[in-house]
Amino acid sequence: AYLVLGMLAHSYVHGPTVPWHLLKGVEAADCATPQASSQSPAAAVAAAEIVSKNSREVPPQLAKPWFEVCRLLRMPPVLTAGATDL
């Protein structure tokens, strides 16, 4: 639960800023980010920054269970190398 909730929270916060258009084999139509449109790269970056600023707060439906799991495990509410690699 710690890993899944942490991955979801981090994806929610950082997902809009990931340069999905740079991944090989990913078609622009497959991406749900602002970079997927036919915008110029500068416009896509500006749009991603707007989306990113608006989505930096993790919703309570995700934050509360994650914090509860973190409390029970006595782990910080961030993804750690030990948690993701083990």
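These are my notebook entries on a predicted model of a protein of 86 residues.

**Ground rules**

I number residues from 1 along each chain as its sequence is written. As the model is predicted, I take local features only at pLDDT of at least 70 and side-chain atom pairs only at pLDDT 80 or more, while totals for chains, interfaces and linings use all residues, and side-chain values use heavy atoms, with hydrogens and water left out.

**Entry 1: overall layout**

I looked up the secondary structure, in which helices (H or I, at least four residues) and strands (E, at least two) are DSSP runs numbered from the N terminus. I found 4 helices and 0 strands. Along the sequence the pattern reads α-α-α-α.

Next I looked up burial, where buried means under 20% relative accessible area, exposed over 50%, and partly exposed in between (1.4 Å probe, protein chains only). Of the 86 residues, 27% count as buried. The accessible surface (Shrake-Rupley method, 1.4 Å probe; for residues, only the protein chains shown count as cover) comes to about 6100 Å². Carbon and sulfur atoms hold 65% of this surface.

I then turned to contacts, meaning heavy atoms within 4.5 Å. Among contacts between residues at least 6 apart in sequence, 67% join residues at least 24 apart.

**Entry 2: confidence**

I checked pLDDT, the predictor's confidence in each residue, from 0 to 100. The average for the protein is 75, and 65% of the residues score at least 70.

**Entry 3: the nonpolar core**

I looked for nonpolar cores, a core being a set of buried Ala, Val, Leu, Ile, Met, Phe, Trp, Tyr and Cys residues joined through side-chain atoms within 4.5 Å. The largest one has 8 residues: Tyr2, Leu5, Ala9, Leu62, Trp66, Val69, Cys70 and Ala83. Helices α1 (2-14) and α3 are the elements that give two or more residues to this core. The largest share, 4 residues, comes from α3.

I followed two of its members further. Trp66 is buried, at 5% relative accessibility. Leaving aside neighbours within four places in sequence, Trp66 is in contact with Tyr2, Leu5, Gly6, Ala9, His10, Pro77 and Val78. Cys70 lies in helix α3 and is buried, with a relative accessible area of 4%. The C-alpha atoms of Cys70 and Gly6 are separated by 9.5 Å, although the two residues are 64 apart along the chain.

**Entry 4: side-chain pairs**

I searched for aromatic pairs, in which the ring centres of Phe, Tyr and Trp (its six-membered ring) lie within 6.5 Å; planes under 30 degrees apart count as stacked, over 60 as edge-to-face and the rest as tilted. The count came to 1 aromatic pair. Trp66 and Phe67 form this pair, which is edge-to-face at 6.3 Å centre to centre and 65 degrees between the planes. Phe67 is partly exposed, at 49% relative accessibility.

I also searched for salt bridges (a side-chain nitrogen of Lys or Arg within 4 Å of a carboxyl oxygen of Asp or Glu). The count came to 1 salt bridge. Glu68 pairs with Arg71, the closest N and O atoms being 2.6 Å apart. Why are Glu68 and Arg71 separated by about one helical turn? Because they are 3 residues apart in helix α3 (residues 60-73). Glu68 is partly exposed at 36% relative accessibility, and Arg71 is exposed at 53%.

I looked at Leu73, which is found in helix α3. Leu73 is partly exposed, at 48% relative accessibility. The C-alpha atoms of Leu73 and Tyr2, 71 residues apart along the chain, are separated by 8.4 Å.

Arg74 lies in the loop between α3 and α4 (81-85). Arg74 is exposed, with a relative accessible area of 78%. Its phi is near 55 degrees, a positive value in a residue other than glycine. Most residues other than glycine have a negative phi.

**Entry 5: His14**

His14 is found in helix α1 and is partly exposed, with a relative accessible area of 39%. The C-alpha atoms of His14 and Arg56, 42 residues apart along the chain, are separated by 7.7 Å.
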